[in-house]
Amino acid sequence: AVTGNHITSKDGAGTVIIDSEDHVVTPSHVNEALKSAKGLLTPTESVVINTIDGHCIIDGTHHVNNPIGHTASKLEARSHIIYANSNRLENFQNALQDIGFETSTPVFSGLASSLSVLTSDDFEHGTLTINMGAGTTEYLLFNNYIAKESKVITIGCDHLINDLYLGLEIGLSTAK
């Protein structure tokens, strides 16, 4: 799981024209629209670490989670894309390898937290997952199975402990 102020995110949208005679949306239409949604230009010196597929829009008006079998002329797909600075990510993975860990596909720690604690009801009805670490706090907002927003804030528990220590004039060990 990766975190840090180098993590950014944005939403992508892709469109496919349903040009078959019957205008029925197929899995290949959905895949093509999602591929287009994920094809945004990657910010300079960044790499995509996670994508979270969102909802689809049929003919610009009907929002659906699964459009397969629906009739449409145009299908739009949304995807939430999470980026990391490629150099910082590579340095992180190299440090892990140096101490004997095998590296695999990185995961945004806010997403890892959400997937580890939320139920399907949470994803459906809406949940804000907040993961507060020592120096950063990550959050990920879901509603109706759609990732609405994710972000890393460079404030963590160390900042709160320091504020308690200074504001209440108590010992650092007491503030912890």
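Let me start with the nonpolar surface patch, which covers about 430 Å² and is made by Leu128, Ile130, Met132, Leu141 and Leu160. A patch here joins residues with over 30% relative accessible area and no salt bridge, with nonpolar side chains (Val, Leu, Ile, Met, Phe, Trp, Tyr) within 5 Å and like charges within 9 Å; a salt bridge is a Lys or Arg side-chain nitrogen within 4 Å of an Asp or Glu carboxyl oxygen, and areas are Shrake-Rupley values with a 1.4 Å probe. Please keep in mind that this is a predicted model, in which local features need pLDDT of at least 70 and side-chain atom pairs pLDDT 80 or more, while totals for chains, interfaces and linings use all residues. Residues are numbered from 1 along each chain, and side-chain values use heavy atoms, without hydrogens and water.

Strand S5, residues 127-132, gives the most to the patch, with three residues, whereas Leu160 lies in helix H5, residues 157-168; helices are DSSP runs (H or I) of at least four residues and strands (E) of at least two.

Now the sheet. Four strands form an open, antiparallel sheet in the order S1-S4-S2-S3, where pairing requires at least two DSSP bridges between two strands. S1 (8-17) and S3 (62-64) stand at the edges, each with a single partner strand, so one side of each has no neighbour in the sheet. S1 and S4, residues 74-85, pair over ten bridges, and Gly12 stands opposite Ser79 in S4.

Finally, helix H1, residues 27-37, lies across S1, S2 (46-58) and S4, at about 140° to S1, with contact meaning heavy atoms within 4.5 Å and angles running from 0 to 180 degrees between N-to-C directions of axes fitted to C-alpha atoms, for helices over the stretch in contact.
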